[in-house]
Amino acid sequence: PYRARRLPSAMQTNFPHHHALVMVLAFTGLRFCHASALTWDDWDEDNALLRIRRKQVRGVVSSLTRKKRAPGTIPVEPLLATALREHRDRLAETNAPGHELGWMFPSEAGTLRTPNTMDKAWAHCLAAANIKRRFTLHGLRYTFTDLIRLSNADAVVRRALTGHVTQEMQDHYSNVGTDEKRAAIAGAVRLIEAARSR
C-alpha cells in the first residue's frame, strides 16, 4: 500500500507530466495498454467515471479483446479527479502535442506512450520513494488488486474492477502478506475457541 501512496507523490514532485497517468494506474488497476489509450471523452467528469473503450500497444490502437479484458467503467475518486483536471489544464496551457487529438496521456512528441517513455522518471521516483525492491509500472496493478482485497470487497466486485475473468487470475494478482495470514489464523482460532466454549 505504501507504494501506491509514495510513488504518485514522488512523481508529482519530480515529473509532474507523468503524475496523472501514474495516478490512473494506481487508483484504477488498469493495464498500461488501456490507461495509455484513454481520451478526454472517456472521462465522464459529472458522474465520476472512466469508460474503458480501447487499448493501444506501441501506438497501434485497437478495440478491447477477450485476452486482456478491462472493466467497462471505473469510478473516479476525488483525488484522481483532481490529478486529471490539473493534468488537462497543464496540457492546454502548454499546448502539448497530441492534446488537440483528445488523448489524455500523449507523449512529449504527441504520440501515444509506451511504458519505456517513463523509465527514467520511474527509476528516479523509486529511489525518491525509498523503494528498493524491483517494482514496475505493472506492479501498481498488483498493488491495486491487493488493496481492493484488503478492503473486503466481494470477489465479484474485485473481478469487475480488475477485468479478471476467473478467480485463478484474481489469485495470481494477489499477494497475501504474513499479517493477513496471521489475522486469518487468529480469526479461525477465535471461531474454534468460541465453538469450544458453547
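**Close-up views of a predicted model**

The structure holds zero disulfides, a disulfide being a pair of cysteine sulfur atoms within 2.5 Å. This is a predicted model, in which local features need pLDDT of at least 70 and side-chain atom pairs count only at pLDDT 80 or more, while totals for chains, interfaces and linings use all residues. Residues are numbered from 1 along each chain as its sequence is written, and side-chain values use heavy atoms, with hydrogens and water left out.

View A. Cysteine 33 has a relative accessibility of 12% and counts as buried, where buried means under 20% relative accessible area, exposed over 50%, and partly exposed in between (1.4 Å probe, protein chains only). Cysteine 125 is likewise buried, with a relative accessible area of 0%.

**View B. The salt bridge between arginine 54 and aspartate 42.** The structure holds five salt bridges, each defined as a side-chain nitrogen of Lys or Arg within 4 Å of a carboxyl oxygen of Asp or Glu. In one of them, the side chains of arginine 54 and aspartate 42 meet with an N to O distance of 2.6 Å. Arginine 54 lies in strand E3 (residues 54-57) and aspartate 42 in the loop between helix H3 (32-35) and strand E1 (43-44), so the pair ties together parts that are twelve residues apart in sequence; helices (H or I, at least four residues) and strands (E, at least two) are DSSP runs, numbered from the N terminus. Both partners are buried, arginine 54 with a relative accessible area of 18% and aspartate 42 with one of 0%.

**View C. The salt bridge between arginine 88 and glutamate 45.** The side chains of arginine 88 and glutamate 45 meet in a salt bridge at 2.9 Å, N to O. This pair links distant parts of the chain, with arginine 88 in helix H4 (residues 78-94) and glutamate 45 in the loop between E1 and strand E2 (49-51), 43 residues apart. Arginine 88 is partly exposed, at a relative accessible area of 26%, and glutamate 45 is partly exposed at 29%. Elsewhere, salt bridges that share partners join Asp42, Arg53 and Arg54 into one network.

**View D. The open sheet and aspartate 44.** Three strands form an open sheet in the order E1-E2-E5, with antiparallel pairing. E1 and strand E5 (73-75) stand at the edges, each with a single partner strand, so one side of each is left without a neighbour in the sheet. E1 and E2 pair in the antiparallel sense over two bridges, two strands being paired if DSSP finds at least two bridges between them. Aspartate 44 has leucine 49 in E2 as its bridge partner, and its side chain also forms a salt bridge with arginine 51, the closest N and O atoms being 3.3 Å apart. Aspartate 44 counts as buried at 16% relative accessibility, whereas arginine 51 is partly exposed at 27%.

**View E. Helix H4 and its buried side.** H4 has 17 residues and reaches 24 Å from its first C-alpha to its last, close to the 24 Å expected at 1.5 Å a residue, the expected span being 1.5 Å times one less than the number of residues. Its buried residues are Leu80, Ala81, Ala83, Leu84, His87 and Leu91. They cover an arc of only 160° around the axis (taken from the directions from the helix axis to the C-beta atoms), which puts them on the same side of H4. On the other side of H4, Pro78, Leu79 and Glu93 are exposed. What covers the buried residues includes helix H2 (16-28) and E1, with contact meaning heavy atoms within 4.5 Å. Just after H4, asparagine 95 takes a positive phi of about 50°.
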